[in-house]
Protein chains: 4
Amino acid sequence: MTEIEIGRNKRAHRSWAFDDVAVVPSRRTRDPKDVSTTWNIDAYSFDLPVLAAPMDSVVSPDTAIAIGKLGGLGVLDLEGLWTRYEDPSKALGEIAKLAPEAATARMQQLYSEPIKAELIRDRLAQIRSAGVTVAGALSPQRTAEFHEAVVKAGVDLFVIRGTTVSAEHVSQTAESLNLKEFIYELDVPVIVGGAATYTAALHLMRTGAAGVLVGFGGGAASTTRKVLGIHAPMATAVADVAGARRDYMDESGGRYVHVIADGGLGTSGDIVKAIACGADAVMLGSVLARATEAPGQGWHWGQEAFHPELPRGSRVKVGTSGTLEQILLGPSSSAEGTTNLIGALKRAMATTGYSDLKEFQRVDVVVAPYNS
Amino acid sequence: MTEIEIGRNKRAHRSWAFDDVAVVPSRRTRDPKDVSTTWNIDAYSFDLPVLAAPMDSVVSPDTAIAIGKLGGLGVLDLEGLWTRYEDPSKALGEIAKLAPEAATARMQQLYSEPIKAELIRDRLAQIRSAGVTVAGALSPQRTAEFHEAVVKAGVDLFVIRGTTVSAEHVSQTAESLNLKEFIYELDVPVIVGGAATYTAALHLMRTGAAGVLVGFGGGAASTTRKVLGIHAPMATAVADVAGARRDYMDESGGRYVHVIADGGLGTSGDIVKAIACGADAVMLGSVLARATEAPGQGWHWGQEAFHPELPRGSRVKVGTSGTLEQILLGPSSSAEGTTNLIGALKRAMATTGYSDLKEFQRVDVVVAPYNS
Amino acid sequence: MTEIEIGRNKRAHRSWAFDDVAVVPSRRTRDPKDVSTTWNIDAYSFDLPVLAAPMDSVVSPDTAIAIGKLGGLGVLDLEGLWTRYEDPSKALGEIAKLAPEAATARMQQLYSEPIKAELIRDRLAQIRSAGVTVAGALSPQRTAEFHEAVVKAGVDLFVIRGTTVSAEHVSQTAESLNLKEFIYELDVPVIVGGAATYTAALHLMRTGAAGVLVGFGGGAASTTRKVLGIHAPMATAVADVAGARRDYMDESGGRYVHVIADGGLGTSGDIVKAIACGADAVMLGSVLARATEAPGQGWHWGQEAFHPELPRGSRVKVGTSGTLEQILLGPSSSAEGTTNLIGALKRAMATTGYSDLKEFQRVDVVVAPYNS
Amino acid sequence: MTEIEIGRNKRAHRSWAFDDVAVVPSRRTRDPKDVSTTWNIDAYSFDLPVLAAPMDSVVSPDTAIAIGKLGGLGVLDLEGLWTRYEDPSKALGEIAKLAPEAATARMQQLYSEPIKAELIRDRLAQIRSAGVTVAGALSPQRTAEFHEAVVKAGVDLFVIRGTTVSAEHVSQTAESLNLKEFIYELDVPVIVGGAATYTAALHLMRTGAAGVLVGFGGGAASTTRKVLGIHAPMATAVADVAGARRDYMDESGGRYVHVIADGGLGTSGDIVKAIACGADAVMLGSVLARATEAPGQGWHWGQEAFHPELPRGSRVKVGTSGTLEQILLGPSSSAEGTTNLIGALKRAMATTGYSDLKEFQRVDVVVAPYNS
C-alpha cells in the first residue's frame, strides 16, 4: 500500500469511496437466470444478501416480516419507538408531519419515553410467529441493560450496532460492555459494528462475532466529515475488513466472519461494488425507507440526527419509490438504481460471468472517479 | 501498469475516460487538405471511419443510404421498428410525441410487435439498391433465429451487438450462440461487441471476427454505473482492446481485427481521442440522432431504455444540429464539436502532423482531466 | 516525498488541503467524558486549544474576556478600531450597514485614524482586570513603533501576525524588524506567523518564538490564489511545520515551539484535522465572527480586504450561529460543524480512542477527497 | 517523468494546468518596492514582462502606444481590421453591436476585405512616431506575402503567431514558409508560436527565433478540446518549453531564446504561475480587452472564432474592468486578480523573497488542484 506524505510530520494512505470505483466485465458472460444470490450465516440461509437496518423509518415488525418473506432479513431496532410505545403509529405519523424547525426538539421528547422489556418480547414474538428469521438490535450502551430481555424473547441473530463499536472501549466513569465475554456467554450469533478499518474489524472478529458491520455511522458521511473530521470511504473500508476476515480465518483455524457493508449504499450499483470489494451481505437503510410499506412514511432518520448535544444528519424526506418487493426484486420502473436491487445485482454478476456471491467478490474492479 | 490497493483485500487498475485525456501537438504540422481519413475493413473501403449505430433513432434505410453516400457506413437494426412494421413512420412519429410518463409502457408495446423475416429482406434490399455498402445488426439472442434471413437478404457486413458480448456465454436454460462456429460458417465478415477489456476482446478476436466494438452499452454510462456498478471508461477500454489487436495479430500470424469505439463519443474531440487511443473507426449514436434526417425526429433511445425489468437510460430529447452532411463533413456553424466531425478530425491530425488514421494512432496523449 | 514533474524545467510536491483528508477510527474507543483538550503554552494553561484571531470582527475587549472565561484565548488586534477610537462602536455599527459599493472606500477612511498608545494601554488593562490571560497582536510593520506601549501595558502573550512573516525580511528602503533580537530582548513569550512551509517555520522557531502561526493570510485562500498565485493548502502546511517543530526540538536540545493552525478552519471537522496533522492549537476567525457577541455584528473582514492598492478578500456577511458558548462548548442545534466545536473535537478524539491532544496528533489520517 | 498507462496500447504523461498548481512562500520575504519586473529581449527593455496579444479587440495603434508608455509591448495584428480599413472604427462599432445569431456571418464579411500594404506601413509608422517599441504580427500563412511590407515599414520585433506553428510544416498543395531561412534572412528579431511541447519549441528555437510563444491557440481551451480533442495545459507547456530553452542554450553555445506564455492567463495569479514555471514574459488577451481604451469596446474575439468551416471560440462579452493603467499598474478596486496585474506580481515575488523575474523562475511550486 503506497503511503502518501501529507507533510513532513504526517503520512496517510489513499482511501476510496464506492463512487471512485467500478466493476468491469471480463471474457465470460452468463444468463442472469443462472445466478444465485444466496447468503448463509450461521444456521440461517437467505435468498438475498440484504439486511434491513434497525431504524424506525425502515423496520417495523410488519416490514421485518415482509422483508423476511422476500428473502432478506429485517432487523428491528429494540431501542426505537416500537419498544417505547404500545402503539407507535401515532408517534410515527406525527414525525412525518413535523415542521422542520420543530423536528429536533419534538423527536428528542418522543425518544425520551422509556424502553419496555415486555414490548421487546412482544415485538420479537410477532416477527417469530410469521415464520421468518428474527433479528433485533441494541446499541452497545443498552446491551447490558436489555440483552436478557432480548434473549429471553428469542432472537435468531443479535445485532449490536453503534456509530463506531470497538472491542476495547475505555471509560473511567461507566462500566463498559466486555464484548468478548458477552458474546462468549450468549447462545445466539452476534453481528456487531460499525468498524471501518482492518484493525478495528480484526479485534471485533476476535470477540467471537458471527458478522461485522462495516461503516462509520452517525449521520450522512458528508455531515460527519464536516462535524467530526472523520470519514471512512466505503470501498476501502469493505476491502480492508475483508482482509481482516481472511487473516482472522487464518489465525483462528478457519472461522469465517461475515462482512456486512453498512452505510453509503444508495443504489444497486453500490451494492454490486460492496460485494465486489469483499462484502458477504449489505445492510440497507434509506433505499428501503422509500418503500410504500416503510414505517417512516417517506421520511428517514437515525438516532444521531437527534443527539442532544451534537446532532449529525437529520430527518430527511426520501419519498417513496415502490413496494418493498419492487425495490428488492423488481420490476423496475426507473433507471436510477433504487428499485429492483437484486435484479441489478444478478445482471451485474451475469454480465461479468459470475454465478454466486462468493465468486463475485473476485470480480475485477477499476478506479474510475465518477465524473470521468 | 501500476496497481492501486483499494484495501487489503482488493487491487485495481486506474481506468481513464476520454474526458481525462487530450491529444498534444508535436514538432510537425500538416495541411489539412493532405490528410486522409480512409478506412478499409475486409473488402470494403470508406472515406470516413464512421459507422452509424444500429438504433431506430439513428439509422433508417434512408439514412443508411445517405451516410453511405457521404463515405460512412449506416448499420440498420434488424430487430427494430423497420423489421417489425411495414410502415414504421407512424410508430416513430408517435414516439416523438409521447408524454414522458407514458413513454416506457407504450414503447414496450410498440416493440412487442414480432420481427418479420421478409421485412429484413426488403430493408436490406432497399439499401443495396442504392449502391452503398450494406450492414445490419442483430443481438446475440436473436442471431440464431434470424441470421439466415439476413445472409439470404445479402449483407456485406454483419454486426452482432449487445450490451456485453462474450466469446463464452454460459447458460443453463437456453442454448447459447457459439460465436466461433457461427462466424466460421458464415461467409460474411462479422463485427461483434461490445467488449470493454483486453481479455474479453482477445477472446472475441479469436472467434474470427473482422472487427470488435469497444464499449459497454446498455444506456448512458452514468446510469449503467448507478444501476449495475459497471463502468468501462473509454480511453482505457480502447487502448486495452488495441493491445489485444496487437497481441492477437502476433498469435494469429498477422490477422488484423478492427477496433471500433462504440459509446461515449459525444463530440469530434472524442472521435479524435478514440483514434489516438488506438481505434480504427468509431460507431456514432446520439451525435447522428441530431441530424435533420434522423428517424428519431430529435429523440434518441436504445433498447435498454425499455427493458421490461431493469431499464437503463431512457428516451432522450437531443434536438437537431444540422444535416447529416453538416454533421459529418461541415461546414460547422457552432463551436460545440457536434458538427463537421470529420473536418475537426482532419484538422487535429494536420495540427499534430499526421496524414492517415493508422499513423495518428501513435499521436502523443496526455492525462489532463477536463476541469484542469 | 514524491516529486512531481510539472514539465521538464519544474518539479513540485503535492500539497493537501483539509478537505482532501479525513481522520479514521482505530481499534479502541473512549468515553468523550474522559477526553481532555487542555493546552499549555509557556506558563499559561487553557481548557480549549483555541485562540480567537486578532480581527475587529471577532475580538473586542469584551469578547476577549468572554473567550478567556470559556477556556480559550482572545487576541486583540492592537492596530484595529479599538486602538484608533475611544469608542469604536459607532465605526463598527457603520461598517455593518455599509452598502457593498461604498464599503472599501469608507473602511479605508475609518482605518486611517491614527493608533493611540494610550488606547492600547486601556484596552489591555480592561482585559487584564477580568482575570483572563491577556494577548494582543501587532503586524511586523507596526511592531517597532508600538511594542513598547504594549509591553508597558502588560501582555501575557505577544502575537506578531502578518500575511507572511519571515525571519529574514529584506528591504532597501525601510529598516526591518530583526525578529531574533526583538524576541530575545522581550520579556514576554511571542507567537509569530503566518508561515506555511517547513523552512519558513524552522527559521521562525530559531528566533526564539514560543509559537508559530501556520497559514498564509491575506484574504480568503481562493482570492489570494487568483490574485497572487500563492496557495498553501493547510493539511500539508500544518504537517510540514509540525516537522519543523520536531527538527527544531532536536537541534535546540528540547525547546518545544507550539504550532498553531491559522486559516481555513471553517468547521469543527477542520479543527480535528488540524490537530491530527500536528497542530497544538488553532486560531479561529470567521467561525467566531458568527457569535451573537461578535463585534462584527454578522460581518467579517481582515485588513487585507481594504489594502489600498491590492485588495484581497472582502467584507463578508457571515450571519450569526449562536452564542460564543454555544459555538465553543455547545449544545449544538445544527449539523453543520459550526457550533459545539470542542464537543465535536472531544467526540472525534473519543471515537478514535485518544484522550489528550498531544496523543491525538498521532491519529490515522487518510487521503480521501471531499467529493469521494 | 512518470509515464501513465492509459491502456495496454497507450502511454501518456500527466499534464498540469495553472489551476492545478500554486506558488508557495519560503523563508525570506522582501519589500515589494525592491522588486524589479524588468524584461529584456534583444536590444529592447521593458519595465513590464507583458505583450498585448495581436487581436483586434485588444491592440489598436493607440493602445499599442499606451501599453508601450506603461512599460509593456503592444503587438498589432497586421491582418486585422486596421490593415484592411482606412478607418476601422465603423467596423469595430458594428461588431460591438451585432446580434449573436448574426455575428459569425457578418464578421466573416468584414474580415474578407483585402489587407493593404500601405495601411501596414501607416499603422506601424503611427506607433513608431510615439517613441515606443514597434511590434506587428502576421500568421505563418500571410508572412510570405506581407513580410516585406512589414520590414520596410519598420518593426522592432516581428511576431509570427498561429494556432500551432511548427518549424516543419508539410503541405503538398501550397509552398510552406521555411521559418529557418526566413528568420536567417530577416534583420529583425522574430517571436514565433504557439508551441506547446518541448520538441515543437526546440525546433522553433533552432530556426533562430528570439522568442517562442507557448500555448495552443484557436479559441478557448475548453472549446478546442471539445472540437479537436487537443489540449496543452499551460503549467506543463511552459515548464516543458523552458526545458527546451535550457537545452537549446546548451546546444547553441549560449543563445537564450525567450519563453512567452500565450493563452490561459486570465488573472494576475496565472501570470505569477507562468513565470514560476519558467516564462520570461506573458502575452495577454482577454484581460487587456477589458480596458476602457480597448478597441473591442467590451467584446473580445480571435480569428478562429470566425473560421468559415470549423469555428472554435466565439465573440465573447468581457465588459470593462478599468483603464489600461489600472489593469497593469493599479490601484486595484477588486479582488478578482484582473486589475493591478503587475502590483500583484511584485507582491507575489516579494512575499516569496525574490527580487527579479529570472530568479523568480526558481520559486517553489506545489501541485494543489483549485478545489482543494
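**Note on the chain contacts and strand pairing of a predicted model**

1. In this predicted model, 50 residues of chain B are in contact with 50 residues of chain A; two residues are in contact if their C-beta atoms, placed from the backbone, lie within 7 Å. Residues are numbered from 1 along each chain as its sequence is written, and chains are lettered from A and ligands numbered from 1 in the order in which they are written. Local features need pLDDT of at least 70 and side-chain atom pairs count only at pLDDT 80 or more, while totals for chains, interfaces and linings use all residues.

2. On the side of chain B that touches chain A, two or more residues come from each of β1 (3–7), β2 (10–14), β11 (168–170), α7 (198–205) and α8 (221–228) of chain B. Helices (H or I, at least four residues) and strands (E, at least two) are DSSP runs, numbered from the N terminus. The largest share of this side, five residues, belongs to α8(B). Its residues divide into 19 nonpolar, 20 polar and eleven charged. Here Ala, Val, Leu, Ile, Met, Phe, Trp, Tyr, Cys and Pro count as nonpolar, Asp, Glu, Lys and Arg as charged, and the others, Gly among them, as polar.

3. Strand β4 (residues 28–30) of chain A and β11(B) run parallel and are joined by three bridges; two strands pair if DSSP finds at least two bridges between them. Within this pair, A:Arg30 stands opposite B:Val170.

4. Chain B can be laid on chain A with an RMSD of 0.0 Å by a turn of 90° and a shift of 0.1 Å along the axis. The copies use different surfaces, as 2% of the contact residues of chain B recur in chain A. Such copies are superposed by least squares on the C-alpha atoms of residues with pLDDT of at least 70 in both. Chain D can likewise be laid on chain C by a turn of 90° and a shift of 0.1 Å along the axis, with an RMSD of 0.0 Å. That is the relation of a four-fold axis.

5. The contact between chains D and C takes 50 residues from chain D and 49 residues from chain C. Among the elements of chain D that give two or more residues to its side are β3 (21–23), β4 (28–30) and α9 (234–251). The largest share, eight residues, comes from α9(D). By class, the side of chain D that touches chain C has 23 nonpolar, 15 polar and twelve charged residues.

6. Strand β2 (residues 10–14) of chain C pairs with β18(D) in the parallel sense over two bridges. In this pair, C:Arg14 stands opposite D:Val367.

7. An open sheet of four strands, with mixed pairing, has the order β1(A)-β2(A)-β18(C)-β3(C). Its edge strands, each pairing on one side only, are β1 (3–7) of chain A and β3 (21–23) of chain C. Three bridges join β3(C) to strand β18 (residues 365–367) of chain C, and the two run antiparallel. C:Val21 stands opposite C:Val367 in β18(C). In general, strands of a sheet pair through backbone hydrogen bonds, either parallel or antiparallel.
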